[in-house]
Amino acid sequence: MTRPSRALRLVMLVAAVAAMLVPFAWMIATSGMEELEVFQDPPPLWPAEFQGGNYAGALTAQPFARYFVNAGVFALMVVAGQLITSATAGYAFARLDFRGRRGLFLLCLSTLMVPAVVILIPRFLFVDALELTDTHVGLASTELVSVWGIFLMRQSFRQVPRELEDAARIDGAGPWRIFWSIALPLVRPAMATLALFAFLDAWKNLLWPLIVTRSLEMRTVEVGIASFHSTYHTNWPYQMAAAVVAVAPVLLLFAFTQRFLTQGLHMTGIKG
Amino acid sequence: MTIRPVHLVALMAVAAGLALFAALSQAQRAVTTAERDLLAAEASIAARLLRDAGGGDRAASLFGGRVSRSPVRDPNAVEVVVDEAVPARATTSVFDADGWDVVGQVVVDEDASRRASLPVSLYALAAVACAALVALATWCVSRAGVCGPSGSLRWPVFTWLAVGVAVAFVPAALAERWAQQSLATVTAQRLAVASRVLAARDDVAALARVPSGILGLTGLRFVPTGTADRDQLLASGLPVQVAQALAGASPAESGHVVVEHVSYATADVASARLILLPYEHVRRPTSSMVAVVALGLLIGVPMIVLSSTIGDARRARRELAAWSFLAPGLLHLAAFTIGPLVFAAWLSLHRWSLVDPARPFVGLENYAALASNAGFWNALLNTAIFTLHVPFSMTLALGLALLVRHPGRSSVVARAAFFLPSITSLVAVAMVWQWMLSDEYGLANAALEAAGLPRVRWLSSPSLALVSIMIVATWTTVGFQTVLFQAGLTAIPRDLYDAARIDGASRWRQFRHVTLPGLRPTLVFVLITSVISSFQVFGTVYVMTQGGPLHATDVAVFHIYEEAWELQRVGSAAAMSWTLFAVIFAVTWLHFRTLEQRAEA
């Protein structure tokens, strides 16, 4: 690459990265300001003195610890459910021979088109009829299968060399045995990707927890900060402190696992 | 340990037992909710009739002190609530004269002494028997059929199916009958209450008109005194005049009204509307049907698959193994995605509220109402406009993907930064954007001012608010698209570029003839998934604008959310969501078609 084009590329990169990061920076800056400091014109870019007290104030205004526990329990249940269902169904679609394989797979994929809002009401009525509203189980029950996860696992199982499985079969192993001790260990990276996405999706889910949870004690972080937002809607430092607290764990998770996330997307085989 | 077909079908046996157990509990639940709803209906009738009589105290006396008057918020509404100390178990709405808008709420407690329940032992017995039979049949099949000589599978299969259905049917049918009976009992009581209300008002004229109104209830029959069977249900509390009028009997005759079955009916009585609420529960797929269908699926589907392999034991084993892998995912999909989809269609044909037990079938009324519902069309239009951000963000993402294409530290850092917005909490992101775009003190306006440009009313002007939401959506999705594009780029073989370069192709021509065609599948994938998800935008709007100002950002999902949860019109919301589904389906299908055609051309 020539020197000017490299410089141009760098400038564009920096601009793009800045555009992505400015809202985060502003979130942190505002979270440290005094309540009225934010209303200066022009707004100060950094607080004169960082008010750590905003965090204590925001965090004690609502039971945020409880929200974190709820979101964590919810997300972990979803991760476990999706890992099991995606791995088994994905393996069946990738490797096992049965009637209607193609049709069933297409049926699964076509459910991706169903807008969440269509099935939202019946799902709520269903969970309500089982008297599971406002419980962790009710919250997680609807999210235990991800068609995208089935697809991802199918793609990765297809890359497992058939010879390995054939060898095991000759040794007398049944399909579950082959699945458990041969195929599954080889798709660990895909499982990691799926687990991460499942976790993030559950953590970010707003609409379903908003509807299924009623009590303050059962809210997830997303619902919690959304209600915090409407309660304290003029106190921006408080709101931003809550936002930082909500974003931080996800960012930490991301920092350590970014490799899996992007690798997994490379793996979904959107090459066709 | 090796897992063999026997183990899998044993698991299925347990599942079948559980299914039957669930079906029975549903029968139980149907009755409990029916009773609760009927109780609420009583109160509803009372409230309707007392609305213009102003007799809160009288209502209390009629309901045996279970109902007391609460402060009335709406001057037209009669609001009756039970004593706070008693746990409220049922609610129903009080409607205005049109029977459409909710003007009040009635809450009634459940009278525990009146609650009937199925004996627990019946459940347990049925579940155990069912599981045992299925297990036995499984053993037979795995013995004689799958492992045995060809053709010997046939009769165990039929036995299995027949016995399974019979086992499911008997207890479920018993539960069903019991359910019908207790429902009829409550109806009798309810009729009595309705007429007591009228009598308490000393409204003889209304009393005379009631029967003609509720004579639509074809399940009522008048029997002269002394001729009623012992197991007939009598609306015993009915005053004689009402009973006679109900049955069209002559005034000289004395007797009772027998309740056979009751359907939905309304009657206008002295400026109030009397609505007799239906047993939607009885018309629902009944518990025995649920049990049979569930068991039929659990036993039948694998059996059909297996019976197609009669004589081919290896194939049978293979099919069984595959289905054991598929079962968890597919059962969940059936229960939580496909089932709800069908149920939503059914809901959309009813007037359905979460609090009112009256859920009449209205046919296509909800869809017809959509045609003239300007709010919904506005929401659809807004959604369509919002979707226009997709090509824009895709172009941006493609550019960014090309920027970070080459390996190196700067690319890695940039990629991580791009990805951040799409993984973080949507609510937090929407909050900070709302703050940055605020009129007076927002960062965006401060920046504009510093550059000597006029301030912009990002979120408070109806013409710009949707654009602002689109900007935020672009910011949150562009990183994810970049990563997908980048994955697509790495899949394009390097040789193609080398060949192009040797042929002297310019950068632009390389992009046009190598990159774009190579990226086609990714582009199609990203386009379709982005359009589908942009049709479903909710969180950003919910946090930033709540659909405002002046409905400028009222998008489809937000509109449906409000219709269902704020306005309590679930049937209408279901009709809207099915319409949205149809739109998404059509758009996706069109995409596929045009893209396919272009690929062929």
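Predicted model: local features only at pLDDT ≥ 70, side-chain atom pairs only at ≥ 80, totals over all residues.
Chain B has 601 residues, and 51% of them count as buried. The chain also brings together residues that are separated in sequence: of the contacts between residues at least 6 apart, 69% join residues at least 24 apart. As for the surface, chain B exposes about 26900 Å², and carbon and sulfur atoms supply 64% of that area.

Now turn to the aromatic rings. Over all chains, the count comes to 38 aromatic pairs. One of them is formed by A:Phe93 and A:Phe98, whose ring centres are 6.1 Å apart; their planes meet at 45 degrees, which falls between the 30 and 60 degree limits, so the pair is tilted. Both A:Phe93 and A:Phe98 are buried.

Another pair takes us from one chain to the other. The rings of A:Phe126 and B:Phe336 have centres 5.4 Å apart, and because their planes stand at 55 degrees, this pair is tilted. On the chain A side, A:Phe126 belongs to helix H5 (residues 116–129), while B:Phe336 belongs to helix H9 (residues 313–347) of chain B. How exposed or buried are these two partners? A:Phe126 has a relative accessibility of 33%, so it counts as partly exposed. B:Phe336 has a relative accessible area of 10%, and because buried means under 20%, B:Phe336 is buried.

A cluster linked by ring pairs holds A:Phe124 from chain A together with B:Phe538, B:Tyr542, B:Phe558, B:Tyr561 and B:Trp565 from chain B.

An aromatic ring can have a charged neighbour too, as you can see back in chain A. There, the charged end of A:Arg154 sits over the ring of A:Phe105, at 4.1 Å from the ring's centre.

Our last stop is a loop in chain A. A:Asn235 lies in the loop between helix H12 (221–231) and helix H13 (236–267). A polar atom of the A:Asn235 side chain lies 3.3 Å from the backbone nitrogen of A:Tyr238.

Terms used:
Residues numbered from 1 in each chain as written. Chains lettered and ligands numbered in written order. Heavy atoms only, no water. Phe/Tyr/Trp six-rings, centres within 6.5 Å; stacked < 30°, edge-to-face > 60°. Buried < 20%, exposed > 50% of the residue type's maximum accessible area, 1.4 Å probe, protein only. Helix = DSSP H or I, 4+ residues; strand = E, 2+ residues; numbered from the N terminus. Lys NZ or Arg CZ within 6 Å of the ring centre and 35° of its normal. Contact = heavy atoms within 4.5 Å. Areas by Shrake-Rupley, 256 points an atom, 1.4 Å probe, with all protein chains shown as cover. Polar contact = N/O pair within 3.5 Å; in protein donor to acceptor, adjacent residues only side chain to side chain.
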